[in-house]
Amino acid sequence: METLGYLMDGFAVALAPHNLMFALLGAFLGTLIGALPGLGPANGVAILIPLAFTLGLQPETALIMLTSVYAGAMYGGRISSILLNIPGDEPAMMTCLDGYPMAQKGKAAEALAISAVASFMGSLIATIGLILLAPLLADFALTFGPAEYFALFLLAFATLGGITGKNPVKTVVAACIGLMIATVGIDTTGVQRYTFNVLELYEGVDFIIAIVGLFAISELLFFIEDKAGGGKEKMTVNKLTLSWKDIREIMPSSIRGGILGFIAGVLPGAGASLGSFIGYTLEKKIVGKKGYFGQGDPRGVAGPEAGNNGASSGALVPMLTLGVPGSGTTAVLLALLISLNITPGPLMFTQNADIVWGVIAALLIGNFLLLVLNIPLVGIFVKLLSVPPMYLLPIVTMIAFVGIYSISNTTFDLYFMVAFGVAGYVLRKLEIPLVPVILGLLLGPEMEKNLRHAMDISDGDWTVLWNSGLAIGLWVFAGLGLILPYIVGPILRRRMKVATGTGGPESD
Amino acid sequence: MTFNDRIFGVLMIVLAVAYGWGASQFPVPFGGSEAVGPETFPYLLAVVLGLSSLYLIVRPDPDNAWPWSRTGIELVIAVVVLLLYTALLQPLGFIISTTLAVGTLCWRMGASLPKAYVTGAVAGVVVFLIFNYALGLALPLGLLSFLEVG
């Protein structure tokens, strides 16, 4: 009941007119960001962070807006999956399988509407799950000492690649690079580390500059390399003829997908890609021969789409309760929290209860807004999809410049951002994942702080790090997170490949 | 071909050694040394990075091709445009530098010349107006500062 009271307070925050307005704006921008090629959700949220500061928004307003962007981006991803057979981001991949064939059959409007309803159901289920699970987990997390936190951070890095990840060692390398960058600056004892006497480095590297550079600028370079400036052929959208019966038919698929997705989102190392993949395969199994999966079965759109959205809300659970994000986009949201001077983790539920519950309520409201926005306004989003990337990406880059410039009004930061962009391009070419770099940047200071606390308590005895049952458990899971991709990874990856390989006739 | 990961691995080992050496040069913090000093965490990182880079050298992944030819030049052009954009942002002002930078990028990505620079100019003016008047953030006017309304 206590939770319900908090939730009501949360609604009071989220329903304040200006918060509602920013939620709407965020939902709209988010859908746009998700739909446009070359602007993933992490990238989009990152570019908007400096702008949220420029606007001088209250912490809860900024967080509500960007959470809506996050939710919206998940909705938007499906538009390009269905109409162009290009997934906006990785989890949207499975939506292509039946969504694109549906569009080819002239049922694009139905596919879009079904996916909107399924997304809504997935997010709704997962948000309810979040409301139930988060306070419990936060209470549990209060028992964590510094040693447990240190192990938890290791677990976060180890599972970041996910069990479908390719090369866990590259995740480790990426995490080290991020953590190393995080050590630049004056540390807690007042010692200058790796500043090379450059004044701008004394306060360390601003992770927002790093994030925007790594994502936005490297994306521009990749588009130039792929010569993808022209964009793809646009699919025409027919007039919507969707009956209640159709919606009823996809409901079981959406509910199953949503629950599975939520679980996949909460668990470290699973993530939204796996959520939508499981959602799809399960649907295929349950429906069996009666379905026509791969040829435009509506349930094949609903299952993965609900799974994808469920997972993205589920991923907020570890981020909010433990301060440990499980995906790129939640890492960016964590960046926002840290820059708002809010320490994420169990204490946030007591110290910043209004913000946490405001955000959770905003997630619920945002979902309704998105459903309402998405069905009638889908035409506008489709029009925007036809803006070729050759105009879009330079403008996005310019907005990234403006955002970073607005933080400190110096060009030093901009040079830094370009450098990070080039580095991001090189790392992506080497298949070194960027998310661990960012997570390293974000978690580095906390990780070192917890290591110091643990060692101070034990008087320099290193065994304190694996002295409690909980800590040992976390270490074991971290170890599994690194080893499992070698054992289970190839099998899962092959299956996902087989599934998507048979998708569209021109899937790329 | 597995050069990429090997070269990267070697570079990262060099980084790890340099980083670890850097940590050994930190002055002892005021108040004497503690169990975990400023250098402990960096040492850990250097060791982990060194070992994992070694693994990359021993078991590298297959290479992705680098864009040497023309595409490579396009990439260099794009980076140079971004650097020039940064350098000229304050002297030329936001609108002019944005027109040039966004225009050039659009053009190099395949838009026709007039369309590209018109896009750049429109984007620059619109963003400038939004930021200066709606959001109250002063972007530099540069050469156009004579337009400033007192």
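**Exercise 1. Which residues of helix 3 of chain A meet which residues of helix 17 of chain A?**

*Solution.* Before we start: this is a predicted model, where local features need pLDDT of at least 70, side-chain atom pairs count only at pLDDT 80 or more, and totals for chains, interfaces and linings use all residues. Residues are numbered from 1 along each chain as its sequence is written, while chains are lettered from A and ligands numbered from 1 in the order in which they are written.

Step 1. From helix 3 of chain A, take A:Ile47, A:Pro50, A:Leu51, A:Phe53 and A:Thr54. Their partners in helix 17 of chain A are A:Ile399, A:Ala400, A:Gly403, A:Ile404, A:Ser406 and A:Ile407. Two residues are in contact if their C-beta atoms, placed from the backbone, lie within 7 Å. Helices (H or I, at least four residues) and strands (E, at least two) are DSSP runs, numbered from the N terminus.

Step 2. Sort these contact residues: eight are nonpolar, three polar and no charged ones occur. Here Ala, Val, Leu, Ile, Met, Phe, Trp, Tyr, Cys and Pro count as nonpolar, Asp, Glu, Lys and Arg as charged, and the others, Gly among them, as polar.

**Exercise 2. Describe how helix 3 and helix 17 of chain A pack.**

*Solution.* Step 1. Two packed helices are described by the angle between their axes and the distance between the axes. Axes are lines fitted to C-alpha atoms, for helices over the stretch in contact, and angles run from 0 to 180 degrees between N-to-C directions.

Step 2. Helix 3 (residues 41–54) and helix 17 of chain A lie with their axes 8 Å apart, at an angle of about 45 degrees. Helix 3 of chain A is therefore oblique to helix 17 of chain A. For the terms, angles under 35 degrees count as roughly parallel, over 145 as roughly antiparallel, 65 to 115 as roughly perpendicular and the rest as oblique.

**Exercise 3. Work out how helix 6 of chain A lies against helix 16 of chain A.**

*Solution.* Step 1. The axes of helix 6 (residues 108–141) and helix 16 (residues 353–385) of chain A cross at roughly 175 degrees and come within 10 Å. These two helices of chain A are therefore roughly antiparallel to each other.

Step 2. Among the contact residues are A:Phe120 and A:Leu124 of helix 6 of chain A, and A:Asn367 and A:Leu371 of helix 16 of chain A. The contact residues divide into 14 nonpolar, four polar and no charged.

**Exercise 4. Compare each chain with a compact globule.**

*Solution.* Step 1. Chain A has 21 helices and two strands. For its 508 residues, a compact globule would have a radius of gyration near 23 Å, and the 22 Å of chain A agrees. This radius is taken over C-alpha atoms, and the globule rule is 2.2 Å times the number of residues to the power 0.38.

Step 2. Chain B has five helices and zero strands. A compact globule of 150 residues would have a radius of gyration near 15 Å, but chain B has 24 Å.

Step 3. Chain B is divided into domain 1 (3–58) and domain 2 (70–147), with bounds from an automatic or database domain assignment. Over C-alpha atoms, the centres of these domains of chain B are 40 Å apart.

**Exercise 5. Find where chain A touches chain B.**

*Solution.* Step 1. In this contact, 47 residues of chain A meet 52 residues of chain B.

Step 2. Elements of chain A giving two or more residues include helix 8 (168–182) and helix 19 (435–458). Helix 17 of chain A gives the largest share, 10 residues.
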